[in-house]
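Open the model in a viewer that can show secondary structure and select residues by number. The stops below are meant to be followed in order.

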Amino acid sequence: MQQTILTYDGTFNGFLTCIFSCFEQHIKHPIITPNQNFENELFGTPELVITEKKKAERVWKGLNQYLGTAGQNMIYRTFLSELHGIENIMLNVINYTFSAKKNILTDYSDNDVLTLSKTAQKVNREKHRMEAFVRFQLTKDGIYFANVSPDFNVLPLIKTHFTNRYADQKWIIYDLKRHYGLFYDLNSTETITINFDSNTPKKELFTTEEAAYETLWKTYFKSTNIEERVNMALHIKHVPKRYWKYLSEKYL
């Protein structure tokens, strides 16, 4: 018997539409995967699911009824992990929720619930680290720019934080791994894409004052750092090496 493979556009509403289709068509044990990750399966029958906002909203409303806002946030954060096969873990948890008709997210005896909880926690930690470690540089266009490449797709989660914190200046946070970013224009924060010219020297993009500030900050960091008291293991625990590239005092 062939297994049904539901492919979708990679959006959260697209995923929720897949969930709706599973219930509507009584599909048993499907595989849900983004279009870009689909590979022909020997025993699989692919079926493209077109995103429908109304269907997605019905599933989302049902989840709120049993899981509340906190549970919805866990589901959404887990989705943003982009881990391979995570959609099917989420499907199992959602099926469990609707069959039990109650909040089951503390039932850690269920392996899928436990995996979802741990994944949501990892995404949440990445969100907080991005909020702490993002560093802006002033471009010649008067826009503060920061590039990031987080492990998970956390830009949707940090949007409100940076919009509120830097409401008086234009800024862009760009995810180099996922090729999109957030742009705040003093009125609203929108999603953008940028075609980067890799041949353009950095000095042509940023102001001379920005370069001077970075040098000053590195000098200050060195002067206040007592090498004899450095606890590198503790330092790496609080600031993992993969985040050093965002810190002026590290990469200069």
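**Stop 1: the second largest pocket**

Select helix H2 (53-79) and helix H3 (86-100): each supplies at least two residues of the lining of the second largest pocket. Helices here are DSSP runs of H or I with at least four residues, strands are runs of E with at least two, and both are numbered from the N terminus. The model is predicted, so local features need pLDDT of at least 70 and side-chain atom pairs count only at pLDDT 80 or more, while totals for chains, interfaces and linings use all residues. Residues are numbered from 1 along each chain as its sequence is written, and side-chain values use heavy atoms, with hydrogens and water left out.

A pocket is an open set of points on a 1 Å grid over the protein atoms alone, where a 1.4 Å probe fits and protein lies on both sides within 12 Å along at least five of seven lines; lining residues have an atom within 4 Å of a point. About 420 Å³ of space lies in the second largest pocket, volume being the space filled by probe spheres set on the points, which are joined across faces, edges and corners. Next select Gly 10, Thr 11, Phe 79, Glu 82 and Asn 153, the closest to the pocket centre of the 19 residues that line it. By class, the lining has 10 nonpolar, 6 polar and 3 charged residues; Ala, Val, Leu, Ile, Met, Phe, Trp, Tyr, Cys and Pro count as nonpolar, Asp, Glu, Lys and Arg as charged, and the others, Gly among them, as polar.

Colour domain 1 (5-126) and domain 2 (134-250): both give residues to the lining, so the second largest pocket lies between them. The domain bounds come from an automatic or database domain assignment.

**Stop 2**

Show strand E1 (residues 3-8) and strand E2 (residues 31-34), which pair in the parallel sense over 4 bridges; strands pair if DSSP finds at least two bridges between them. Thr 7 stands opposite Thr 33 in E2. From E1 the chain crosses through helix H1 (residues 12-24) to E2, and this β-α-β crossover is right-handed, that is, clockwise from the first strand over the helix to the second with the strands pointing away from the viewer.

Now select Lys 55 and Glu 24, a salt bridge whose closest N and O atoms are 3.7 Å apart. Lys 55 lies in helix H2 and Glu 24 in helix H1, so the pair ties together parts 31 residues apart in sequence. With a salt bridge taken as a side-chain nitrogen of Lys or Arg within 4 Å of a carboxyl oxygen of Asp or Glu, the count comes to 5.

**Stop 3: the open sheet**

Move to the open sheet of 5 strands, in the order E4-E5-E6-E7-E8 with mixed pairing. Strand E4 (137-138) and strand E8 (189-192) stand at the edges with a single partner strand each, so one side of each has no neighbour in the sheet.
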